[in-house]
Protein chains: 2
Amino acid sequence: MSELVGNVLVGQSGGPTSVINASVAGIVAEALNHECIEEIYGTLNGVLGLLQEDLVDLASESQQQIRALRHTPGAALGTCRYKLKKQADFDRVLEVFKAHNIRYFFYIGGNDSADTVRIVSEQAHSSGYPIRCLHIPKTIDNDLVGNDHTPGFPSAARFVVQAFIGANLDNASLPGIYVGVVMGRHAGFLTAASALARKFPGDGPHLIYLPERTFDPERFVAQVKDAQDRHGRCVVAVSEGVHDADGAPILAKLAPGAERDPHGNVQLSGTGALADLLCALIRDRLGIKRIRGDTFGYLQRSFAGCVSDVDQREAREVGEAAFQFARTHERDGSVRIKRVGDYAVDYELGPLEAVAAKTRVMEDGLISPAGTDVTEAFDAYLRPLLGSDLPQAHRLRAKPVPKRLRAG
Amino acid sequence: MSELVGNVLVGQSGGPTSVINASVAGIVAEALNHECIEEIYGTLNGVLGLLQEDLVDLASESQQQIRALRHTPGAALGTCRYKLKKQADFDRVLEVFKAHNIRYFFYIGGNDSADTVRIVSEQAHSSGYPIRCLHIPKTIDNDLVGNDHTPGFPSAARFVVQAFIGANLDNASLPGIYVGVVMGRHAGFLTAASALARKFPGDGPHLIYLPERTFDPERFVAQVKDAQDRHGRCVVAVSEGVHDADGAPILAKLAPGAERDPHGNVQLSGTGALADLLCALIRDRLGIKRIRGDTFGYLQRSFAGCVSDVDQREAREVGEAAFQFARTHERDGSVRIKRVGDYAVDYELGPLEAVAAKTRVMEDGLISPAGTDVTEAFDAYLRPLLGSDLPQAHRLRAKPVPKRLRAG
């Protein structure tokens, strides 16, 4: 098959991240270099824009604008969670591809988006329409199979680290219990990142609860009490996805009336309920007065000005690599990130089936035997991803002044 | 009265901020320059350390360590919310002052802390003990009377701005309703800061609810619907302190079982309840599907790596100024920040009574007539405080590609 000549279409899908625009910028910058590309289009709101023929002209944007996007969180093209299911949808997508001579389709997203690319690829090829369809990884959950890590995760992890550096210092200033709830329904990578906020002995988080391990409210209360006894305070990181032995979310267990989506999944993000329920549990059971809970919510994936430079560079490179693979490899696939040094990465083109609709969770070697902390392997895994100039906490050595009075 | 010769004692009080340590650093650095100062002590956990004679030696810390503190959020000396009330407390404080030859007492905090300084000052002088007692302003709420603004507020405001820049982009990517709850029981400055996140027409926050105005749930629902109709989405900033016409917190009204402190005040921070209740209200009344609420919680006062350089400099300078006032003015007082240019400040020594136990709220000229936005005067007031290198959002101009098909 000779090189495809025609137009590029780029789409963004699923939850936005701090660097998902950098991948668009990478594709556009790279595609502009090649004679085989005539136009570079974006689809608004992912496949929804494809179905509605809502396309925009990315090549007409100034290069300056495209570069500036690399530093802007959120999905500049808009995104969606729509799944292509009906034959009418498939036909419409092909119709739009043909009408606009789309020969390169790039879709940036998580495992559901990879599945969308797989379906589009199958439909196009079975109908004999020549096109390259590539999935570009993105998710703050870091739950894509076959990737060392996924763009978006390092910046979100950096947010969690910076948040817990501060939460630990705040909690040390006014001691009590602090519960910070972190995103991640199935994979605990983002919650585990909180461990890298620690610098000095005694620093929190003192307990980390991941969805990879069963959450037992009784054991949780006992462990908080133990940490409180040892440190006079306790900082806890909890994944929104913690669940009981049967896999039922703790949120649903503690609050049977919790909101559910049409698939019956309990809504975990965009609500402070889990943090509040865990705080109430500690208050009721331990009688500790100062208990505070925060839910990091959407801040962790969108906060402007908290980006890992490593993440930003890789998000752009994964877009560039996607275009190069599309031009030089005669197959569709998903770009994946492979760690090849300490610290260096390579990009590969893997099969769509390997990543589509599958979920990676934290490997056992990354979780401490007790289940409430991470291992040194996790620390070594995450540290290079956090980027440069991570804020550093300092503290007083606090040499005591000898007392001169009897106790007051 | 001649210059007092003796020791300095520094304490931190109330809620920590991102720059409260910079004020300690300012006092220590300045005090080290003067022969009249023999030792520089810190009291652990504010007046609690005074009562328990828990003092630490700040002059023995390396200058490097003191400088590094300027960039570390939280209160390095620890803090407290303890109020001196009993005569036994007053006597004990004086006893500790005398035992350690404390001749300069600096207490960094809000209006309650100013009241503590006022009491200590009165007690010391009525007993004939020569000492200078100074209050140094600090609060993210920006609610100290007589100050243009207070250290800690600009950095917290910067956090709120960066959070809403991101929240607006995230919400534009996946349209729906977003409610962000911001700290501030009585003063809406921090919530109002969200307005400065806007850059392009149509950017959120589209509605801002301040404790300076009565919150009517019915009107709230109608205003959200209106914004949704106009923008296809709606980003809302709400102060945790919003209340009804009788002054009752909305949180207490919507959730009668909300946690209360020993004084009967509803606990507003460290819980996601208000955001969840407002989201439920919108869901029930408007039937909109995608509604998310975040409570910024303790992140807004402690997040490591989100500091206004203007705030950091002023927090240090207000500490330096405090020491200079204490050495050269023969009266106790509260240091206050006065704006003298665009943008420049001076520091003055005001009376303790002017700030102690009083609360400043947003002046009417800073709030839009409709009550759900700020004025240009507020924008001009806040912008120079946010510091340099504020992250900037960019967006695609998104020139549409002409459609070639009938609607799908």
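Let me start with A:Asp389. A:Asp389 lies in the segment after helix 14 (376–382) of chain A. Helices here are DSSP runs of H or I with at least four residues, strands are runs of E with at least two, and both are numbered from the N terminus. Phi of A:Asp389 is near 55 degrees, a positive value in a residue other than glycine. Most residues other than glycine have a negative phi. Is A:Asp389 buried or exposed? A:Asp389 counts as exposed, at 72% relative accessibility. The cut-offs, with a 1.4 Å probe and protein chains only, are under 20% relative accessible area for buried, over 50% for exposed, and partly exposed in between.

A word on the source. This is a predicted model, where local features need pLDDT of at least 70, side-chain atom pairs count only at pLDDT 80 or more, and totals for chains, interfaces and linings use all residues. Residues are numbered from 1 along each chain as its sequence is written, chains are lettered from A and ligands numbered from 1 in the order in which they are written, and side-chain values use heavy atoms, leaving out hydrogens and water.

Back to the backbone. A:Glu53 also has a positive phi, near 60 degrees. A:Glu53 sits in the loop between helix 2 (47–51) and strand 3 (55–57) of chain A. A:Glu53 is buried, at a relative accessible area of 1%.

Now cis peptides. Most peptide bonds are trans. The bond from A:Gly204 to A:Pro205 is cis, with omega near 10 degrees. A:Pro205 is in the loop between helix 7 (189–192) and strand 7 (207–209) of chain A. In chain B, the bond from B:Asp342 to B:Tyr343 is cis, omega near 10 degrees. B:Tyr343 is in the loop between strand 10 (333–341) and strand 11 (344–350) of chain B.

Next, the interface. How many residues of chain B are in contact with chain A? There are 92, and they contact 92 residues of chain A. Contact means heavy atoms within 4.5 Å. Together the two chains bury about 7000 Å², 56% of it on carbon and sulfur atoms. In chain B, B:Leu396, B:Val401 and B:Leu405 lose the most area to chain A, together 10% of what that side buries. Buried area is the accessible area (1.4 Å probe) that two parts lose on being put together, summed over both.

Four salt bridges join chain B and chain A. One of them pairs the side chains of B:Asp170 and A:Arg301, at 2.8 Å, N to O. The salt-bridge test is a Lys or Arg side-chain nitrogen within 4 Å of a carboxyl oxygen of Asp or Glu.

Last, the aromatics. Over all chains there are 33 aromatic pairs. Phe, Tyr and Trp rings (six-membered ring for Trp) pair if their centres lie within 6.5 Å; planes under 30 degrees apart are stacked, over 60 edge-to-face, the rest tilted. A:Tyr209 and A:Phe215 are edge-to-face, 5.2 Å centre to centre with 75 degrees between the planes. Both A:Tyr209 and A:Phe215 are buried. B:Tyr209 and B:Phe220 are edge-to-face too, at 5.3 Å and 75 degrees. B:Tyr209 is in strand 7 (207–209) of chain B and B:Phe220 in helix 8 (217–231), eleven residues apart. Ring pairs also link A:Phe159, A:Phe164, A:Phe296, A:Phe303, B:Phe159, B:Phe164, B:Phe296 and B:Phe303 into a cluster.
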